[in-house]
Amino acid sequence: MARIPLDHVPSLFLRIMTGYSKRKYGKVLDPGLAMMHNPRVLFAWLRHETAVGKFRSVPPTLSALAVMGASATIGCSWCMDFGYWEYHHQGVDPAKLRAVPQWRTATVYSEAERDVLEFAEAMTATPPAVTDELVDRLRQNLSPAQLAELTYLIGVENQRSRVNAAMGLTSQGFKETCSIGG
């Protein structure tokens with residue numbers, strides 16, 4: 001159950017924000033409803049997410065695994081649900097998305113993908129447990145620009161997952177709307 005109310009007094013601002021969310025995502029995002037209580041927080045979040053959404057140097061599958069690996073490590077059901085929906089619509093193999101929580105034993109990943117998942121888990125640990133050896137393995141498949149982007153994506157997902165978990169947000173059923181289910 002959400003720890004910050006998701007209901008609002010009807011207003012033009014609410015209609016605009018919820019209308020946009022419904023058009024873009026098919027439903028109103030709970031994190032947006034929680035943040036609407038403080039417009040400065042909401043607009044900072046929207047600006048940041050818009051900027052991050054323009055990153056393109058890392059292949060979509062590696063981005064998806066990095067983000068979902070961090071979400072799974074933290075245990076954010078909202079992020080896992082939305083991440084599945086988002087990356088499914090970007091064409092990432094659904095089997096790889098479904099297997100993220102069990103990545104160590106799943107047989108669907110390449111070595112490079114396993115390195116990304118390990119990196120996401122190591123970055124998400126408290127304290128972070130990233131090793132030089134792991135980064136050296138990542139460098140075999142990623143340019144410095146890609147490694148910087150991947151690192152930032154995992155850091156952003158740590159923030160998202162921790163904020164959503166602290167606000168008590170849980171799955172909104174995005175995954176179930178995907179044509180292949182899951």
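## Around the end of α5

Helix α5 is followed by Gly 91, whose phi is positive, near 90°. Helices here are DSSP runs of H or I with at least four residues, numbered from the N terminus. This is a predicted model, in which local features need pLDDT of at least 70, side-chain atom pairs count only at pLDDT 80 or more, and totals for chains, interfaces and linings use all residues. Residues are numbered from 1 along each chain as its sequence is written, and side-chain values use heavy atoms, leaving out hydrogens and water.

## A largely enclosed helix

Let's look at α5 itself. Of its 13 residues, 10 are buried, so the helix is largely enclosed by the rest of the structure; buried means under 20% relative accessible area with a 1.4 Å probe, counting protein chains only. Among them are Trp 78, Phe 82, Trp 85 and His 88. The buried residues pack against α1 (12–25), α2 (30–35), α4, α6 (94–98) and α9 (144–166), where contact means heavy atoms within 4.5 Å.

## Its partner, α4

Helix α4 (residues 60–74) packs with α5 (residues 77–89) at an angle of about 170°, their axes 9 Å apart. Axes are lines fitted to C-alpha atoms over the stretch in contact, and angles run from 0 to 180 degrees between N-to-C directions. The two helices are therefore roughly antiparallel, a label for angles over 145 degrees.

On the α4 side, the contact includes Val 67, Met 68 and Ser 71; on the α5 side, it includes Cys 79, Met 80 and Tyr 84.

## A closer look at Ser 71

Ser 71 lies in α4 and is buried, with a relative accessible area of 0%.

Conventions
Angles under 35 degrees count as roughly parallel, over 145 as roughly antiparallel, 65 to 115 as roughly perpendicular and the rest as oblique. Buried means under 20% relative accessible area, exposed over 50%, partly exposed in between (1.4 Å probe, protein chains only).
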